[in-house]
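Visitor: Hi, can you walk me through this one? I'd like to start with a pair of helices.

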Amino acid sequence: MTPRSRTPPARVPVAVVVLAGVGAALFVVPLLALLWRTPWALARQALFAPEALAALRVSLVCSLSATALSVLLGLPLAWVQARTEFPGRDLLRGVTMLPVVLPPVVGGVALLLAFGRRGIAGQWLEAWFGLRLPFTIPGAVLAETFVAMPFFVLTLEGGLRSADRDLEDAARTLGATPWVVFRRVTLPLVRPSLLAGAVLSWARALGEFGATITFAGNVPGRTQTMPLAVYAALESRPEAGIVLSVVLLGISLAVLVALRRRWLAVA
Amino acid sequence: MSLRASATVRRGTLALDAALEVRAGEAIAVVGPNGAGKTTLLGVLAGLLAVDAGRVVLDDVVLDDPAADVFVPPERRPLGMVFQDQRLFPHLSAVDNVAFGLRCRGQDAETARRRAREWLGRLGLAAEAEALPGALSGGQAQRVALARALAPDPRLLLLDEPLSAVDVSARAGLRRELRRHLEQFAGVALVVTHDPLDAAALADRLVVLEAGRVVQSGALVDLAARPASRWVADLAGVNLLRGVADGSRVRLDGGGELFVPDAGSGAVLAVVHPRAVTLHRTRPDGTPRNVWRGQVDGVDPEGSRARVRVGGTPALVAEVTAAAVAELGLAPGVEVWVAVKATEIATYPG
């Protein structure tokens, strides 16, 4: 009979175990409470209420538009940051990174001062193109892009830095112009980062609250997104707020599952 | 139709300062110790690096000339390059890898794929056309890389250690195939290698690079006869003879023949170590199967030994003791008998 393989018992300080347990409980207890207190009987009714459906629609439109805008503008930005050398590049990277750490409400105020009706850029947008951003859907998209795009840029920049430059050189020796190299070699190589960055920025845009309410307002049926609807509902109809929260929780879990290979797997 | 290059490049600690001239249809091997600047030289010719000073001219077209402010980027050079690590595009199948260059040179997708398949067929990879690079063996991947470089019909073919990533069992076959393609190749070919066997098999001429400078250039036999440095002496220290085998008999390309244990049939390289070559004033009796007459061309003493260059068919270098030089009166012009035991000769498919 072969003896059972043994490993020395791990010795972990008790204090560490206790604190780790408290830390985990901090995440687990509120989520359990949310599920525990969800009035499942009222779920259908709350979910299909006109305000809820409108908020869901506004949220999807705005967050998906913000994601598309983040990819469109963030891809070149990430490429410039990863692949070119110029004075002030580190400064640019810092500015790109800022919305990640900036309180979103400050971002909203800054957007108002820039693109508001009397903002330094907003007044020209209105005078030349008749474009009015504050308290509109495009305004909500802009606010969400402001907050979400850095997640896309940071993820993709990492992907571009670790992509094999030698393969790009090989493509050039085969006659590929810089644009062909980018499209047929670089982009396929960074596809995983691109997808992860897009999903991450979409999740961030979907949950956006501070910048959106400051810049785009909270007009039900027009600029009220899901997080704003949750907040508004808690005042009058708490059960509806809880149901909408569970919907957002479900979406977040789906994102986490979709990206689990990237962040949860240990090599 | 030719390549003329003089390149001065400073990259970190390496200062490359080399001049090179290669005729169209000629294949040269660039050899030298690690860090000598071989890969840097290929990078300059490919346009992945620019020269700080100098000039690169291919077929009378100036590719790089800082004095005239000319630099043609790699994608506009008529170039094919095989990398040591192959660098196949991991997301494209073998056939799409080979078609890549054809597409970039303006062929439509269908034509490019058809010609790519032809090239894969020529290299014995018809069955692997749809495979992704990750599923190929080292030898197969190197063949795909070769097909990819040759397919667009380049004027300048650069091969960076094309055989070093291939395992020993596949090496001889690939070396022979590579030689066949280089013989048919009409443009300028440069092979970087650290293996004298590869250099002798693939190239008409060797260029030795040491510390960024060309220290010697010529056929391997010339290098062996008058090594310009310790490194060249080590590299070219063995006699390498090219020929066609028929069982135990090898008819040498340069005239003469050798008896060997068994070389199979077809093109081979015979390797004779100078220490295995014996010299005699009278015809030796006994077992050596290979005995022929020669004439001493030169004697280069090296401590207690001497390298003796002997003309004849074939010409060889023998290593003998200084005492033997005195005893036999070896000096330029002296007639000698040369003997090599058949068992001292190693042959490789070439």
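Visitor: Which residues of α2(B) meet α3(B)?
Guide: In α2(B), they are B:A94, B:V95, B:V98, B:A99, B:L102 and B:R103, and their counterparts in α3(B) are B:A109, B:A112, B:R113, B:R115, B:A116, B:R117, B:W119 and B:L120. Contact means that C-beta atoms, placed from the backbone, lie within 7 Å. Helices (H or I, at least four residues) and strands (E, at least two) are DSSP runs, numbered from the N terminus.

Visitor: How do those residues divide by class?
Guide: The contact of α2(B) with α3(B) has 10 nonpolar, no polar and 4 charged residues. Nonpolar covers Ala, Val, Leu, Ile, Met, Phe, Trp, Tyr, Cys and Pro, charged covers Asp, Glu, Lys and Arg, and the others, Gly among them, are polar.

Visitor: Before we go on, what should I know about the model and numbering?
Guide: It's a predicted model: local features need pLDDT of at least 70, side-chain atom pairs count only at pLDDT 80 or more, and totals for chains, interfaces and linings use all residues. Residues are numbered from 1 along each chain as its sequence is written, while chains are lettered from A and ligands numbered from 1 in the order in which they are written.

Visitor: OK, at what angle do the axes of α2(B) and α3(B) cross?
Guide: Roughly 125°, and the axes come within 8 Å. Axes are lines fitted to C-alpha atoms, for helices over the stretch in contact, with angles from 0 to 180 degrees between N-to-C directions. α2(B) is therefore oblique to α3(B); under 35 degrees counts as roughly parallel, over 145 as roughly antiparallel, 65 to 115 as roughly perpendicular and the rest as oblique.

Visitor: Switching to sheets: what is the strand order in the open sheet of chain B?
Guide: The 6 strands run β7-β8-β9-β3-β10-β11, with mixed pairing. Strands pair if DSSP finds at least two bridges between them. β7 and β11 (213-218) of chain B are the edge strands, each pairing on one side only.

Visitor: Which helix packs on that sheet?
Guide: That's α4 (residues 138-150) of chain B, touching β7 and β8 of chain B, and its direction makes about 170° with that of β7(B).

Visitor: And how do β7(B) and β8 pair?
Guide: In the parallel sense, over 4 bridges. B:M81, for one, has B:L158 in β8(B) as its bridge partner.

Visitor: Last topic: how many residues of chain B are in contact with chain A?
Guide: 16 residues of chain B, against 13 residues of chain A. α2(B) gives the most to the chain B side, with 3 residues.

Note on methods. Two residues are in contact if their C-beta atoms, placed from the backbone, lie within 7 Å.
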